[in-house]
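This briefing goes through a single protein chain topic by topic. Please keep the sequence and the coordinates open while reading.

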Amino acid sequence: MHDHIVRAITGDGYVNAISITSREIVECARNMHKTLPTATAALGRLLSAAAMMGNMQKVEDGSMTLQVRGGGPIGTITVVSDSVGNVRGCVTEPRVPLVEKYPGKLDVGGAVGRGTLRVIKDMGLKEPYVGQTALQTGEIADDLTYYFAASEQVPSSVGLGVLMEKNNTVKQAGGFIIQLMPFVGEEVIGALEKNLAAFSTVTTVLDEGKTPEEMLQQLLAGLDPVITEKVPCRYECSCSRERMERAIISIGKKDIEEMINDGEAIEVGAIVPVGETADKDVLHPLLLRDAGDLLYGRLSIGDPLTVKL
């Protein structure tokens, strides 16, 4: 089952819901950043959430940035989604040691620690919307549930999960967000609470072979849910060789020549495009143009992206 996002609304229009299966996204991030299980789970949860929240904006060319900055050993987690749900992200300490609450249960909250959750919505206006709340547990889903209530005043329920294989690859990943519209009735709230209490976990449902559509059918049972959208999503970076070339050229001819003479490498702080990470240590010619001069170098594709002049 390929990664995709599904949106639904209840028959009465009082409940909006969205769900995602994101195993490929999270596995791509794990492979790219060489994360160990705890960092994979934390980054994967935030990637899934950002993909859904980006899709919820429905603003053409908009973007959604989520940043979790706790005091735990994992450091800062930052992810960015476009308005479709294509997403990318990184974590400060990808190889944070394994932390478990109990055998088989990763302690993401312990690795993240206490701090802040920051949400930046770029909707194409003069200034982006910025909301910030305190982390409640560091488990990501609880923190987003609190964010929606405290910052956006929208009663919500958020579920996120990442299930790892024994070889540390990603077996399942995904999530859901359910939001109540104004003036929703007590009967609807009661039905939702009952469904949420009966729901196991995101990764359990996905590991049973169920789709995001079926996940929403469970969560919205008895409320006549209607699927309104289904779109593919993926790990996608806007970086390109052209952008890297422009960044290097902007350094200036004099400094570039000094780097060539010194044999110094330039590390470009970017998340490299999907598909190029497999070509690690493969060298490609890079042509740099500055004031009509041709400076020849070699581009080493890897993580991080390193340009050697």
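Is Gln153 buried or exposed? Gln153 is exposed, since its relative accessible area is 57% and the cut-off for that class is over 50%. The model is predicted, and every value below is computed from it.

- Most residues other than glycine have a negative phi.
- The loop between helix H1 (23-33) and H2 holds Lys34.
- Lys34 counts as partly exposed because its relative accessibility is 40%, and that class runs between 20% and 50%.

**Strands S3, S4 and S5**

- Strand S4 (residues 76-82) has antiparallel pairings with S3 and with S5.
- S4 is largely enclosed by the rest of the structure, because 5 of its 7 residues are buried.

**Helix H7**

- Helix H7 spans residues 212-219, and its buried residues are Pro212, Glu213, Met215, Leu216 and Leu219.
- Down the axis of H7 these buried residues fall within an arc of 160 degrees, so they line one face of the helix.
- An α-helix has 3.6 residues a turn, so residues three or four places apart point the same way.
- The cover over the buried residues of H7 includes strands S1 (4-9), S2 (15-21), S11 (170-180) and S12 (226-232), together with helices H5 (186-198) and H6 (202-207).

**Salt bridges**

- The model has 7 salt bridges, and three of them are described here.
- Arg45 and Glu139 form one through their side chains, at 2.8 Å from N to O.
- That pair links distant parts of the chain, 94 residues apart: Arg45 belongs to helix H2 (residues 37-57), and Glu139 to the loop between strand S9 (129-134) and helix H4 (141-151).
- Arg45 counts as buried because its relative accessibility is 8%, and Glu139 is buried with a relative accessible area of 11%; the cut-off for buried is under 20%.
- Lys230 forms a salt bridge with Glu213, and their closest N and O atoms are 3.2 Å apart.
- Because Lys230 lies in strand S12 and Glu213 in helix H7, this pair ties together parts that are 17 residues apart in sequence.
- Lys230 is exposed, with a relative accessible area of 52%, whereas Glu213 is buried, with a value of 17%.
- The side chains of Glu208 and Lys210 also meet in a salt bridge, at 3.1 Å from N to O.
- Lys210 is partly exposed, with a relative accessible area of 25%.

**The largest pocket**

- Rolling a probe the size of a water molecule over the atoms shows where empty space is left.
- The volume of the largest pocket is about 720 Å³.
- Its lining has 29 residues, and those nearest its centre are Arg45, Lys105, Gly161, Val162 and Thr203.
- At least two lining residues come from each of H2, strand S6 (100-102), strand S7 (105-106), H4, strand S10 (156-164) and H6.
- S10 gives the most to this lining, with 7 residues.

**Ile189**

- Ile189 is part of helix H5.
- Beyond its neighbours within four places in sequence, Ile189 is in contact with Leu180 and Val184.
- Ile189 and Val15 are 174 residues apart along the chain, and their C-alpha atoms are separated by 9.3 Å.

Terms used. Residues are numbered from 1 along each chain as its sequence is written. This is a predicted model: local features need pLDDT of at least 70, side-chain atom pairs count only at pLDDT 80 or more; totals for chains, interfaces and linings use all residues. Side-chain values use heavy atoms; hydrogens and water are left out. Buried means under 20% relative accessible area, exposed over 50%, partly exposed in between (1.4 Å probe, protein chains only). Helices (H or I, at least four residues) and strands (E, at least two) are DSSP runs, numbered from the N terminus. Two strands pair if DSSP finds at least two bridges between them. The arc is that of the directions from the helix axis to the C-beta atoms. Contact means heavy atoms within 4.5 Å. A salt bridge is a side-chain nitrogen of Lys or Arg within 4 Å of a carboxyl oxygen of Asp or Glu. On a 1 Å grid over the protein atoms alone, a cavity is a set of points where a 1.4 Å probe fits but cannot get out, and a pocket is an open set with protein on both sides within 12 Å along at least five of seven lines; lining residues have an atom within 4 Å of a point. Grid points are joined across faces, edges and corners, and a volume is the space filled by probe spheres set on the points.
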